[in-house]
Amino acid sequence: MKKFIIPSVLLSLLLSCGSGEKYFEKHAVIPQGATNEEIIDIAARVTPTRNQLEWQQMELTAFIHYGINTYTNREWGYGDESPKLFNPSDFDAEAIVRTFKGAGMSGMIYTAKHHDGFCLWPTATTEYSVKNSPWKDGKGDVVRELRNACEKYGMKFGVYLSPWDRNAVSYGDSPAYNKFFIEQLTELLSNYGEVHEVWFDGACGEGPNGKKQEYDWTAILAKIRELQPKAVTAIMGDDVRWVGNEGGLGRETEWSASVFAPGSYTHKKAANDSLGLNEMSKDLGSRELVARAQEAYWYPSEVDVSIRPGWFYHDYQDSQVRSLANLVNIYYRSVGCNSVLLLNIPPDRRGLLHEVDVQRIKELSDYISKTFAENQVVNGNSLWKAEAGATMEYTLKPGAMVNTFLIQEDIAQGQRVEDFLVETYSNGAWQYAAEGTTIGYKRLLRFSDCQPEKIRVTIRGTRATANISNVGMYYAEPLVEQNARVLLSHVNTAEWKSVGADAAMAFDGNRETAWTAEGLSALIVDMGKEEAVKG
Ligand code: FUL
């Protein structure tokens, strides 16, 4: 065990477990003058809180965008839409939640208020709510019905409360709006039982008075901790990090033990600017980056993505529901890339999930259950404590056909693996199967079908001793992209040209090369000829 000079304030954050190892729960301050070796050892010992650990184990969760926009066909309402527009004919919270439960989802998050400011519960803070809608003669409460349904089906319940409010007159008058916002939060967190996640998106426009709102995140988070000590706070909170895109694509290298300062911290901007980081940065936790940081956090990624192009329901998008192949890919790039998947399935104007969406999430659930029904590795779940360079061989069940590798770290002891290799053994020889960088809670890798007798895993790089808690091999049925008229993989890219940016490496057919761009940059491709591709 190395010795560090640790400021006294930090000592209280240091936890010690039975084995004598030291851990930093959620947050570590990196002492000035620490060597690179000491710094990386600290990063290896940042661990999740119990709430963060339980959240990570949820894996697949549902998001519901449902409110006034559903009835105006908008994505962002203006805040001046009449409450009279909210009048679902068949809203059925139980049917919605039952579908999610049946699809293997462990919890859901509901947009109790979106940017338009319309509250889907009868709040005392504003007249702009369901209580002034014709639905159930103004006696309805969407939040309550969804919450009760979650209780009935054993699902966790979370709320999205948009900080940006285009209806509230106080918006932009910072102290007054902060008070109003905390009152709304207090209602949601006091009157609806246990809330497991509080989700604040980052969208923040000008108020009607032209002033930009300065949110009091410190007070907001303190209120959540007081009222719902088991809840995690997401995106503008400090427990769960936005993955950085809304396309369902987690990073291949995804550090939960990251140096990216959480959204709610007052010094977030200064800390992240000094490291050149934003939510979209490719690297949030490499050795090189950590060596330049002053703090490290347990701040794991959540992948939020909609099953349709929009977050809210629009009937013209009924033919654009993501295909099973697309959703499975998202699953591998989220749950399989050390993230929780928050899949948005928006109720339609009836107040029910659309039949196409219901069918698709059932297909996804059936596919995942079938793929991961039986681990073909014998004793894959015995704990392996691996130093850098260590290898472990695992026997496979006789005759097992496999093409999917699963590996997990015991993240209760931190995230440590930086580089690993998987090989298969058949016909008397070892073959390359797959390789990866980070593991974290779970990593899934796909490779060609094979029937190995055994496999060999090599931990090529790790920070401190890696704690490998589970190794698995599975067979995933091949999927055809049903939505595509011409499979993208069959389109000849030889004639493609990059327009504007020099981005040809994005489509040169070589998986080893990549076009790298910071922030939001357009990738424009001249395909050379017209081709009807769909999906
Ligand atoms: C964004 C919002 O602007 C979208 O409307 C949606 O709610 C998404 C999940 O978060 O910030």
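Two strands are taken as paired if DSSP finds at least two bridges between them. Strands are DSSP runs of E with at least two residues, numbered from the N terminus. The structure is a predicted model, in which local features need pLDDT of at least 70, side-chain atom pairs count only at pLDDT 80 or more, and totals for chains, interfaces and linings use all residues. Residues are numbered from 1 along each chain as its sequence is written, and side-chain values use heavy atoms, with hydrogens and water left out.

Strand S16 (residues 391–395) pairs with strand S21 (residues 454–462). The two are antiparallel and share five bridges. Glu-393 faces Arg-456 of S21 across this pairing. S21 also pairs with strand S18 (residues 417–426), again antiparallel, through eight bridges. Here Leu-421 has Thr-458 of S21 as its bridge partner.

An open sheet of three strands runs in the order S3-S12-S11, with antiparallel pairing. Its edges are strand S3 (27–29) and strand S11 (257–258), each of which pairs on one side only. Two bridges link S11 to strand S12 (residues 295–298). Ala-257 stands opposite Trp-298 of S12.

Eight strands build another open sheet, in the order S9-S8-S7-S6-S5-S14-S13-S10, and the pairing is parallel. Thr-111 is placed opposite Tyr-160 of S7. In a regular strand, side chains alternate between the two faces of the sheet.

Tyr-160 also belongs to the ligand site. The residues around the ligand (a heavy atom within 4 Å of it) are Phe-63, His-65, Trp-76, His-114, His-115, Tyr-160, Trp-199, Asp-201, Glu-246, Asp-304 and Trp-311. By class, this shell holds five nonpolar, three polar and three charged residues.

Polar contacts are pairs of N or O atoms within 3.5 Å. A polar side-chain atom of Tyr-160 lies 2.8 Å from a ligand oxygen. For His-115, a side-chain N or O atom is 2.8 Å from an oxygen of the ligand. For Trp-76, the corresponding distance is 3.0 Å. The protein covers 91% of the 300 Å² of accessible area (Shrake-Rupley method, 1.4 Å probe) that the ligand has on its own.

The ligand sits in the second largest pocket, with more than half of its atoms within 2 Å of the pocket's grid points. A pocket is an open set of points on a 1 Å grid over the protein atoms alone, where a 1.4 Å probe fits, with protein on both sides within 12 Å along at least five of seven lines.

Key
Polar contact = N/O pair within 3.5 Å; in protein donor to acceptor, adjacent residues only side chain to side chain. 1 Å grid on protein atoms, 1.4 Å probe; cavity = no way out; pocket = protein on both sides within 12 Å on 5 of 7 lines; lining within 4 Å. Nonpolar A, V, L, I, M, F, W, Y, C, P; charged D, E, K, R; others polar. Helix = DSSP H or I, 4+ residues; strand = E, 2+ residues; numbered from the N terminus.
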